[in-house]
Amino acid sequence: MNLLYPDTIVGSLKDIDLTYYWDLGKRGIILDIDNTITPWHQDTIAEGARIFIEEALRMPFQVCLLSNATYKRSAKIARQYNIPYVAMALKPRKKSFKQALGNMKLSAGQVIVIGDQLFTDIWGGNRTGCYTILVTPLDKKEFIWTQMMRGLESLLLRRRK
Ligand SMILES: [Mg+2]
């Protein structure tokens with residue numbers, strides 16, 4: 001069950017202190033797309049996410065997108081920053097997280113996984129051995145299945161307290 005708990009929970013990307021993680025030796029960020037950097041099923045990266053990605057790349061963290069979205073959509077978003085991506089990731093499957101680590105040539109201990117869902121981003125990141133950060137989803141409009149999972153997620157997080 002511990003694999004479902006993020007190392008850190010933040011309200012939004014701007015609450016993540018990149019310098020702190022850099023000083024801890026983190027060098028790469030695996031970033032979810034839907035509801036983490038774009039509103040659900042949109043191709044426009046949210047303003048706050050742009051600021052975050054640009055600051056991260058400047059430090060310079062490596063950033064790799066990891067999404068269950070299609071190749072076409074993931075590529076379109078990754079191209080805006082010329083960063084690598086892993087699409088159709090079937091998160092929490094470990095293989096896709098390892099592929100993202102391979103793209104950045106970093107080990108799990110050097111990488112932070114950031115996403116809005118416990119059962120995909122956080123579970124997968126923890127299984128792979130990365131540091132995990134749960135962010136509040138950008139948008140409430142989601143598939144029914146995701147909504148059901150959210151209900152379960154909030155129960156789990158409440159029980160933790
Ligand atoms: Mg997401």
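**Exercise 1. Find which residues coordinate the magnesium ion, and at what distances.**

*Solution.* Begin with the donors: the magnesium ion is coordinated by Asp32 (OD), Asp34 (O) and Asp116 (OD), at 2.1 to 2.2 Å. Donors here are N, O and S atoms within 2.8 Å of the metal (3.2 Å for Na, K and Ca), and because water is not among the atoms, sites may look incomplete. Next, look along the chain, where the donors follow the spacing D-x1-D-x81-D. Then check accessibility: Asp32 has a relative accessible area of 6%, and Asp34 has 10%. Buried means under 20% relative accessible area, exposed over 50%, and partly exposed in between (1.4 Å probe, protein chains only). Therefore Asp32 is buried, and Asp34 is buried as well.

*Before you go on.* This is a predicted model, in which local features need pLDDT of at least 70 and side-chain atom pairs count only at pLDDT 80 or more, while totals for chains, interfaces and linings use all residues. Residues are numbered from 1 along each chain as its sequence is written, and side-chain values use heavy atoms, with hydrogens and water left out.

**Exercise 2. Work out the strand order of the sheet and name the strands at its edges.**

*Solution.* Strands (E, at least two residues) and helices (H or I, at least four) are DSSP runs, numbered from the N terminus. Two strands pair if DSSP finds at least two bridges between them. Six strands make an open sheet with parallel pairing, in the order S1-S6-S5-S2-S3-S4. Strand S1 (8-10) and strand S4 (85-86) each have a single partner strand, so they stand at the edges. Now zoom in on one pair: S1 and S6 are joined in the parallel sense over three bridges, and Val10 stands opposite Val135 in S6.

**Exercise 3. Decide how helices H4 and H5 are oriented to each other.**

*Solution.* First, the geometry: the axes of H4 (residues 94-104) and H5 (residues 118-128) come within 9 Å and cross at roughly 70°. Axes are lines fitted to C-alpha atoms, for helices over the stretch in contact, and angles run from 0 to 180 degrees between N-to-C directions. Angles under 35 degrees count as roughly parallel, over 145 as roughly antiparallel, 65 to 115 as roughly perpendicular and the rest as oblique. H4 and H5 are therefore roughly perpendicular. Finally, the contact (heavy atoms within 4.5 Å) involves residues including Phe97 and Leu101 of H4 and Gly124 and Arg127 of H5.
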